[in-house]
Amino acid sequence: MTHNPEPPKPDPELRRRSRKALWKYGLARVVLFLALTAVIVLAQSAAEEVIFRGSLPQAVGRWAASAWVAYGVPAVLFLPLHVTDGWG
């Protein structure tokens, strides 16, 4: 049987600071920040898909005769970009 720790309790200080920051920086700035963050994340993930699932396998596939190599090389290059804290 595994031990399931209790979920973290909400931090009232963090909540207070969040509300204070919202009023300090203005709702319009917060909404703009969130919108820009969403656009940047979507653009980055779309570019990653195009490169690692589209362009790179085709380029490697022209050079190598094997489909395993054509998809294996981009996979090996993709892995280090997504390993941030060991294997977690």
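Student: How much space lies in the largest pocket?

Tutor: The largest pocket holds about 160 Å³ of space. A pocket here is an open set of points on a 1 Å grid over the protein atoms alone, where a 1.4 Å probe fits, with protein on both sides within 12 Å along at least five of seven lines; lining residues have an atom within 4 Å of a point. The volume is the space filled by probe spheres set on the points, which are joined across faces, edges and corners.

Student: Which elements give two or more residues to its lining?

Tutor: Those are α2 and α3. The lining includes Glu 49, Phe 52, Arg 53, Tyr 71 and Phe 78. Helices are DSSP runs (H or I, at least four residues), numbered from the N terminus.

Student: Where does this model come from?

Tutor: This is a predicted model: local features need pLDDT of at least 70, side-chain atom pairs count only at pLDDT 80 or more, and totals for chains, interfaces and linings use all residues. Residues are numbered from 1 along each chain as its sequence is written, and side-chain values use heavy atoms, with hydrogens and water left out.

Student: What is the mean pLDDT?

Tutor: The mean is 84, and 91% of the residues reach 70 or more; pLDDT is the predictor's confidence in each residue, from 0 to 100.

Student: Is Arg 53 buried or exposed?

Tutor: Arg 53 is exposed, at 62% relative accessible area, while Glu 49 is partly exposed at 38%. Buried means under 20%, exposed over 50%, and partly exposed in between (1.4 Å probe, protein chains only).

Student: How many salt bridges are there?

Tutor: The count is two. Arg 16 also forms one with Glu 13, with the closest N and O atoms 2.7 Å apart.

Student: New topic: which residues form the nonpolar patch?

Tutor: Trp 63, Val 69, Val 73 and Leu 77, with about 400 Å² of accessible area together. Areas come from the Shrake-Rupley method with a 1.4 Å probe; for residues, only the protein chains shown count as cover. Patch residues have over 30% relative accessible area and no salt bridge; like charges are joined within 9 Å, nonpolar side chains (Val, Leu, Ile, Met, Phe, Trp, Tyr) within 5 Å.

Student: Which helix gives the most to it?

Tutor: Helix α3 (residues 67-82), with three residues.

Conventions: A salt bridge is a side-chain nitrogen of Lys or Arg within 4 Å of a carboxyl oxygen of Asp or Glu.
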